[in-house]
Amino acid sequence: MLRKGDFFLLNNPPSYTLADVLDVPPGKATAFHESENDGEVRIGAKDDEDTYVCCIDFVFEEANASVLSDVLPPVVLVRAGDPRGALLANLSALTVAEMESAGVGRSLVLEHLAQLILVHMLRVHADQTDRPVGWLGALVEDGIGAALRAMHADVGRRWTLDELAATSHMSRSAFAAAFKAKVGTAPLTYLIEWRMSLARDALRSDTRSISELAAATGYESESAFSTAFRRVVGSSPRYFRDEARQQAR
């Protein structure tokens with residue numbers, strides 16, 4: 001039962017129903033969306049309005065989607081009275097105000113507000129859960145989390161297993177075993193996959209040359225980067241970028 005001021009995040013949701021009463025047959029949402037006006041859908045007369053729901057869709061590239069969906073439960077719920085929800089309430093108010101404005105850069109501001117809301121929902125989930133799974137759980141730990149945060153902060157550094165273990169204040173063997181048990185993959189394999197995820201995003205937005213991407217992700221040469229990219233993604237960086245351009249047209 002949702003109450004005023006609650007927030008909820010649905011993870012890869014199946015078909016679901018939102019209703020104010022349970023004894024009325026639900027209608028299909030597509031019928032309401034046909035009357036959408038600048039992102040707003042109204043159900044019933046304006047004078048009878050008693051509920052406002054602000055919805056955000058988060059869409060991820062298929063290859064990256066499992067990174068998030070695998071570590072979240074079907075529903076993350078933050079009650080209005082939760083003190084950790086105060087920032088979410090502020091972000092929500094800013095989002096609604098921006099949706100109702102016609103200011104310059106509106107779409108950019110909305111995109112960044114949506115990202116902030118997602119990050120804070122993830123933080124609340126990590127705080128609420130005794131043992132959050134995967135990399136999300138590892139991030140909040142002192143040991144493995146320190147290595148993950150270091151990799152994310154300096155993805156272009158040529159990390160070694162010894163350096164990552166030292167960052168976590170663990171022996172090499174203990175770190176490797178703990179990292180794989182918590183995150184699900186070996187530390188350097190995770191680093192390569194993270195680099196390639198960032199590379200895919202950059203190639204899709206076409207913001208850097210391949211040689212620049214190679215240097216930014218810790219590879220000494222474009223050929224070494226291309227080999228790693230092909231091994232993880234299944235195609236060369238140039239082919240991936242060309243395909244992204246074609247799909248964007």
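## Helix packing and surface features

In α6, residues I144, A147, L148 and M151 meet F175, A178, F179 and V183 of α8, where contact means heavy atoms within 4.5 Å. The residues of this contact comprise 8 nonpolar, no polar and no charged; Ala, Val, Leu, Ile, Met, Phe, Trp, Tyr, Cys and Pro count as nonpolar, Asp, Glu, Lys and Arg as charged, and the others, Gly among them, as polar.

The model is predicted, with local features requiring pLDDT of at least 70 and side-chain atom pairs pLDDT 80 or more, while totals for chains, interfaces and linings use all residues. Residues are numbered from 1 along each chain as its sequence is written, and side-chain values use heavy atoms, without hydrogens and water.

The protein has 12 helices and 2 strands, in the order β-α-α-β-α-α-α-α-α-α-α-α-α-α from the N terminus. Helices (H or I, at least four residues) and strands (E, at least two) are DSSP runs numbered from the N terminus. The C-alpha atoms fill a box of roughly 65 × 45 × 35 Å along the principal axes.

Two helix pairs are listed below; axes are lines fitted to C-alpha atoms over the stretch in contact, and angles run from 0 to 180 degrees between N-to-C directions.

| Helix pair | Angle | Axis separation |
|---|---|---|
| α6 (residues 143–153) and α8 (residues 172–183) | about 80° | 10 Å |
| α9 (residues 187–205) and α11 (residues 222–233) | about 95° | 10 Å |

The angle makes α9 roughly perpendicular to α11, a term for angles of 65 to 115 degrees. I192, M196, A199, R200 and L203 of α9 make the contact with F225, A228, F229, V232 and V233 of α11. These residues divide into 9 nonpolar, no polar and 1 charged.

The protein has 7 salt bridges, each a side-chain nitrogen of Lys or Arg within 4 Å of a carboxyl oxygen of Asp or Glu. One of them joins the side chains of R158 and E220 (4.0 Å, N to O). R158 lies in the loop between α6 and α7 (161–167) and E220 in the loop between α10 (210–216) and α11, so the pair ties together parts 62 residues apart in sequence.

Technical notes. Parallel < 35°, antiparallel > 145°, perpendicular 65-115°, else oblique.
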